[in-house]
Amino acid sequence: MKRSCYCGDVREDSIGKELSVCGWVHSRRDHGGVIFIDLRDREGLMQIVFQPENKEIFSAAERLRSEYVISVKGLIRHRPEGTVNPNMPTGKTELVVSELEIVNTSPGLPFEVSDYVDTSEELRLKYRYLDMRRPSFQKNFFMRHKISNEIRSFLNEDGFIEIETPFLGKSTPEGARDFLVPARLHHGSFYALPQSPQIFKQILMVAGFDKYYQIARCFRDEDLRADRQLEFTQVDLEMSFVEESDIMGVIERMLARVFKAALNAEIKTPFEKMTYADAMLNYGSDKPDTRFEMLIQDFSAELKDCGFSVFANVLAKGGIVRGLCIPKGAGFSRSEIDGLTKFVGEYGAKGLAWMKVTETGAESNIVKYFKDEEIKTIVSKLDGKAGDLIVFLADDEKVVAQGLGALRLKMGKELGLIDKNKFNFLWIVDFPMFEWDMDEKRWSALHHPFTSPKDGETLSADNAGKVKAKAYDIVLNGVELGGGSIRIHKNEVQKQVFELLNISQDSAKEKFGFLLDALTYGAPPHGGIALGFDRLCALLSGEESIREVIAFPKTQKALDPMSNAPAEVSEKQLKELGIRIVVKQAKN
């Protein structure tokens, strides 16, 4: 039998026609001597009917079980009155089977192929080929395909050219840990899988291609969580003779088109911009969720002379005091407030001060240490209302920002303050170019060492902490979708940056020599951005984890339960590569 159409495509206009369909047995029901099967393929479900009058086919249908593969032919008719299923696109029709072929059978399943069955992720990944049959899972991948197709169409129309860059490159240990690949023809030498196409796409600009893009596979050997995988995909692009606004404009137009195609959602452009400093102050994060208010406020200046010794001591040592107002939080029990204290402790905070706002002022065991004017200032600045709870952190800036930022998100979710139907895009700009590495006791690049400083910024060890970068991140609903920058295109500026990062000329030559050489041959001003494609697909599909939009992801232990990767290899393979495994003996 030749398939006439997909199961999920049958509608009322097919009534009276004889069709052939094939797929998997999704469910089976016996009703009064009639067998009903929901047949499933990638486009959806349809009901097929086996009637006892056709004894041979009916007898074969009695053997059908879940996930059997069958092909059937028959007449499409209206479902009898009272049996229409409004929840199925094909719910007004059914196929009365006149021919049946059992193409393949299936043993008992480790779990049902259903959107409503809850099973462990480990089991789902072990039998990923079954997990991927679920309609909701397949819907995610049709969404992923639609997004990638729309991105390619937009960039092609906008004058970009798609160019692939190497998977096997040189290890440049600036960032996450590289995956290394031994070179069989050059024993003792290794390729590295790309963490991103960063250097190669800059080389493409030097080569004169002007507008490049790639939906690129990238690899980072790092610990996993919901939004990270060892191998991931990014939308990577680079442009010449541009400034930040040019690149932002391309991304805004591209995302507006993608959201219209994928969700029929209208996205307002241009996107709002926020400085890094304001984001860290008011949201405690460089990827703020702006779908709800609850802004953090700084009280370091107002409380520098307060009588509360905990605050005074922190401020005297150069720390800060910031507060957050939790709506209706005055009703929290003491144990619930203790839970909040424990929560911010995970971010390094040593304690959480608090006061409840009442009609007459504020109440807590610390109110007595503050003047009436200080209390009024606190409540007014946080727009506190009777019944609210005000909480404070006093510590160094990083601890306070991270602790209150995380608490703000936690409260926003638990109190239902976040409108899940909103898409709030945001550009974060004016990033610091460098940050101080406390462990290494040296400056490090906040983004990467090829980011250009703002026009007119002077690079020196004395002002490194004040220099702003031509860098920008794009954020959606508290998720960093991607980031980019205008690159350094002059060799002398690149050398200054390497000096500040304590990268010697010899070391820079060894790691990035071919890029530095390229910059001397008339490199144009250029910049670009990379968007996390998996994150974008997850957000558009309504999924919390990118593993739900990646066909064959790894577990949090970096394992693939289906293929059992990673695995040992033979001695012969190791010998060809010039590698010997040394097992360290544990010390007694």
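Lys410 touches Leu340 and Phe343, residues up to four places away in sequence not being counted; contact here means heavy atoms within 4.5 Å. The model is predicted, so that local features need pLDDT of at least 70 and side-chain atom pairs count only at pLDDT 80 or more, while totals for chains, interfaces and linings use all residues. Residues are numbered from 1 along each chain as its sequence is written, and side-chain values use heavy atoms, with hydrogens and water left out.

Lys410 belongs to helix H11 (residues 397-414); helices (H or I, at least four residues) and strands (E, at least two) are DSSP runs numbered from the N terminus. Its relative accessible area of 24% makes Lys410 partly exposed, given that buried means under 20%, exposed over 50% and partly exposed in between (1.4 Å probe, protein chains only). Between Lys410 and Leu519 the C-alpha to C-alpha distance is 46 Å, with a separation of 109 residues in sequence.

A barrel is closed by 5 strands in the order E1-E2-E3-E5-E4, with mixed pairing. On average, neighbouring strands of this sheet are turned by 55° against each other, direction ignored; the axes are lines fitted to C-alpha atoms. Strands E3 (residues 44-50) and E5 (residues 93-104) pair in the parallel sense over 2 bridges, where pairing requires that DSSP finds at least two bridges between two strands. Leu95 in E5 is the bridge partner of Ile48.

Asp236 lies in strand E10 (residues 231-240) and counts as buried because its relative accessibility is 1%. Leaving aside neighbours within four places in sequence, Asp236 is in contact with Pro197, Lys201, Tyr212, Tyr213, Gln214, Ile529 and Ala530. Its side chain makes polar contacts with the side chains of Lys201 (2.8 Å) and Gln234 (3.1 Å). A polar contact is a pair of N or O atoms within 3.5 Å; within protein, one must be able to donate a hydrogen and the other to accept it, and residues adjacent in sequence count only if both atoms are side-chain atoms.

A search of the whole structure finds 0 disulfides, a disulfide being a pair of cysteine sulfur atoms within 2.5 Å. Two cysteines are tabulated below.

How values were computed
Axes fitted to C-alpha atoms, helices over the stretch in contact; angles between N-to-C directions.
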